[in-house]
Amino acid sequence: MKTALSINPSEFETDCLAVLVLDHSEKDSSRNGRSDAKPVVTVETSDAAVRDAAASVLAGSEVTAKMFETTLVHAPAKLKAKRLLLVGGGKAKTFSSADLRRVAGTAARTLKSKGIRSFAFAAPSDLMPAELAVRSIVEGLYIGDFDSDTYKSDRKDTSLQGVTVLSAGDPAKLAAAMDEGRILGESQNFTRDLVNEPSNRMTPTILAERARKMAEEVGLKCEIMGPDKIKELKMGAFWGVAQGSEEPPALIVLRYEPADAPAGSVLGLVGKGVTFDTGGISIKPADGMEKMKYDMAGGATMLGAMRAIALLKPKRKVIGIVCATENMPSGTAQKPGDIQIAMSGKSIEIINTDAEGRLVLADGLHYARTLGCTELIDAATLTGAVVVALGQINAGIFANDDALYERFSKAVKSAGEKMWRLPLDEDYREIIRSNIADIVNSGGRYGGAINAAMFLKEFVADTPWIHLDIAGTAWMDDGKPWLAKGPTGVALRSIVEFARGV
Ligand code: BES
Ligand code: MN
Ligand code: ZN
């Protein structure tokens, strides 16, 4: 997709001009379960000709401006555009830049489904700073444009060709905002492309190759280590998972080290890269097992985040680490009862070989500390329990440091993502106690997401750390008006915002 900037919506020649409509009515529209307040709908642009062109359709009852409602007007009077698309954004009072992102995504998906592959989007005039509006719109357009590539032999390319964002403001600042939006949107889609691939086309080796190619393109240092190096580093927890597979594991390390970065502060981003999770000897049921191709989403998120960071160039050092492996049952697989010694020296009793994500992350997090990371974030499709707790709406956040949590949650807010903090009290520690080793790798079903996080906490020591359990949010079973079903690329924008010091 190409994006461009321009001005004057009514003068702009395009197949379709998309604009935001909002409801300015004061009253709550539902009382006693009945809707009795009429919406007061306005077109959010300062261009009077566009408002005039929408006047007749707004005079009827068809347009209510509720979130994601779309109305297409053909041959709008006195506009150079062939069509006018009104996209609802809900109540004006609560409208945010996160909503604008989704509205832009809705416009993209609505129009591409009608075969309209280039259009213009008029930025709202005074709801937020123009740069914030442009950046949110561009992000929403890229995120909305994504559809999982399929292997259908008759598949057609329906992707958007070009979108022009129409906004008043300082052209240089708007162009910079557009670049930011494009970098974030493209990086999120880079992650989604990786997650979408099935495991026979996204082995640890292939994931590492994709990381290497991306690193070359954006100017990151890249180091890829195989089985020998993983064993040499004494990563017994990671290797315990990897030993059961014919596919060699890969330890991917990306470094972003700008010359102007302050010394003494290094952010470490550690991702779970299980390219397929059968459960190992504690094998999963067949029903739905195919979904376990997305068990490398945390790793793919970190690769996409490193891509965005390399292009946005914040003034701080960042190291990205992905522990990539399959989790397979085989004659060489680890077995329940086995003891593994992690890189940190801690001994682990393997109770359940399906609790493999925490094993690969244990060594990834410890390794990040040995590389000098002073702050850690990990992302992982770690537990089914977090899906039970938070559904497919909020990712789970865990933190061992309240100040870091506060900073990170600001970044989450500014990225417009949804995450919910879960506890990590010491009281949970006894659940992962082992009789014959330092800890067990599974604390059973109750509080499963917390038990997994408690396990990880053992390997970060006193380093401030955030753990994101994205098992419920990395893959959507149903599409949204602004988002295709399939891989979401969740957490990437929050992590990048955090790295930029928002
Ligand atoms: N990859 C799974 C978690 C998962 C579940 C991701 C559903 C996405 C959707 C993880 O490796 C796993 O199997 N976790 C087990 C842990 C248990 C054995 C302690 C789980 O959640 O059941
Ligand atoms: Mn598992
Ligand atoms: Zn897993």
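In sequence, the residues that donate to the manganese ion (ligand 2) follow the spacing D-x76-D-x1-E, where donors are N, O and S atoms within 2.8 Å of the metal (3.2 Å for Na, K and Ca) and water is not among the atoms, so sites may look incomplete. The model is predicted, so that local features need pLDDT of at least 70 and side-chain atom pairs count only at pLDDT 80 or more, whereas totals for chains, interfaces and linings use all residues. Residues are numbered from 1 along each chain as its sequence is written, chains are lettered from A and ligands numbered from 1 in the order in which they are written, and side-chain values use heavy atoms, with hydrogens and water left out.

The protein donors of the manganese ion (ligand 2) are Asp277 (OD), Asp354 (O), Asp354 (OD) and Glu356 (OE), at 2.0 to 2.2 Å. The angles among the six donor atoms of this ion run from 71 to 167°, and the site is irregular. Aspartate 277 bridges the two ions, which lie 3.2 Å apart.

Ligand 1 is surrounded by 16 residues (a residue is near a molecule if one of its heavy atoms lies within 4 Å of it), and the closest are Lys284, Asp295, Asp354, Glu356 and Gly384. By class, this shell has four nonpolar, five polar and seven charged residues, with Asp, Glu, Lys and Arg counted as charged. A polar side-chain atom of aspartate 295 lies 2.8 Å from a nitrogen atom of ligand 1, and a polar side-chain atom of aspartate 354 lies 2.8 Å from an oxygen atom of ligand 1. For glutamate 356, an N or O atom of the side chain is 2.8 Å from an oxygen atom of ligand 1.

Key
A polar contact is a pair of N or O atoms within 3.5 Å; within protein, one must be able to donate a hydrogen and the other to accept it, and residues adjacent in sequence count only if both atoms are side-chain atoms. Four donors count as tetrahedral if all angles lie between 85 and 135 degrees; four count as square planar and six as octahedral if opposite donors are over 155 degrees apart and all others between 65 and 115; anything else is irregular.
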